[in-house]
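Colleague: I am new to reading models of proteins. Please take me through one, feature by feature.

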Amino acid sequence: MLNAHQSHLLQYCQVFTLSGKYSKNYSKIAGLYLKYAYPDEALTWLDKIKDNTVQTTSFLSVRGDALGSLKRYNEAIKLYEQALQINP
């Protein structure tokens, strides 16, 4: 369970994504969920933008981290390999 500080931080970040103008922040919000050990929630945020964003190394790495946390290693490795192709 998130403590009060963590919860407020995530709520603050989510405000910036409501208009859709700040979709790059979805990866940052997902990163915060990962930091607090909530990989399912991280994937939920990443799924909101996966079809509408350029596959950046940041997006691919955060998504790979979330999948790895869920023991979905083969999927994570594919994303890390894609990220390395973009930025070796």
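**Starting from one serine**

Modeller: Ser27 counts as buried, because its relative accessibility is 8%. Buried means under 20% relative accessible area, exposed means over 50%, and partly exposed lies in between (1.4 Å probe, protein chains only).

Colleague: What kind of model is this, and how are residues numbered?

Modeller: This is a predicted model, in which local features need pLDDT of at least 70, side-chain atom pairs count only at pLDDT 80 or more, and totals for chains, interfaces and linings use all residues. Residues are numbered from 1 along each chain as its sequence is written, and side-chain values use heavy atoms, with hydrogens and water left out.

Colleague: Where in the chain is Ser27 placed?

Modeller: Ser27 sits in helix 2, residues 25–35. Helices (H or I, at least four residues) and strands (E, at least two) are DSSP runs, numbered from the N terminus.

Colleague: Which residues does Ser27 touch?

Modeller: Contact means heavy atoms within 4.5 Å. Leaving out residues up to four places away in sequence, Ser27 touches Leu46, Ile49, Ser58, Phe59 and Val62.

Colleague: How many residues of helix 2 are buried?

Modeller: Eight of its 11 residues are buried, so helix 2 is largely enclosed by the rest of the structure. The buried residues are Asn25, Tyr26, Ser27, Ile29, Ala30, Leu32, Tyr33 and Leu34.

Colleague: How many helices and strands does the whole protein chain have?

Modeller: The protein chain has five helices and zero strands. From the N terminus on, its elements run α-α-α-α-α. Of its 88 residues, 33% count as buried.

Colleague: What share of contacts joins residues at least 24 apart?

Modeller: Take the contacts between residues at least 6 apart in sequence. In the protein chain, 38% of these join residues at least 24 apart.

Colleague: How do I read a helix with a buried side?

Modeller: Begin with the general idea. An α-helix has 3.6 residues a turn, so residues three or four places apart point the same way. Now take the case here. In helix 5, Ala76, Leu79 and Ala83 are buried. They cover an arc of only 65° around the axis, which puts them on the same side of helix 5. The arc is that of the directions from the helix axis to the C-beta atoms.

Colleague: What do the buried residues of helix 5 pack against, and which exposed residues are on the face turned away?

Modeller: The buried residues of helix 5 pack against helix 4 (57–69). The face turned away from the buried side carries the exposed residues Asn74, Lys78, Leu84 and Gln85.

Colleague: What span should helix 5 have?

Modeller: The expected span is 1.5 Å times one less than the number of residues. Helix 5 (residues 73–86) has 14 residues and should span 20 Å; its end C-alpha atoms are 20 Å apart, which agrees.

Colleague: At what angle do helix 3 and helix 4 pack?

Modeller: Axes are lines fitted to C-alpha atoms, for helices over the stretch in contact, and angles run from 0 to 180 degrees between N-to-C directions. Helix 3 (residues 39–47) and helix 4 pack at about 145°, with their axes 9 Å apart. The contact is made by Pro39, Ala42, Leu43, Leu46 and Asp47 of helix 3, and by Phe59, Val62, Arg63, Ala66, Leu67 and Ser69 of helix 4. By class, this contact has eight nonpolar, one polar and two charged residues. Ala, Val, Leu, Ile, Met, Phe, Trp, Tyr, Cys and Pro count as nonpolar, Asp, Glu, Lys and Arg as charged, and the others, Gly among them, as polar.

Colleague: Is Arg63 buried or exposed?

Modeller: Arg63 counts as buried, because its relative accessibility is 12%. Arg63 lies in helix 4. Leaving aside neighbours within four places in sequence, Arg63 is in contact with Leu43, Leu46, Asp47, Lys50 and Leu79.

Colleague: And what does Leu67 touch?

Modeller: Leu67 is also found in helix 4. Leu67 is buried, with a relative accessible area of 2%. Not counting residues up to four places away in sequence, Leu67 touches Leu43, Arg72, Glu75, Ala76 and Leu79.

Colleague: Which phi does Ala37 have?

Modeller: Ala37 has a positive phi of about 70°, although it is not a glycine. Ala37 is in the loop between helix 2 and helix 3. At 58% relative accessibility, Ala37 counts as exposed.
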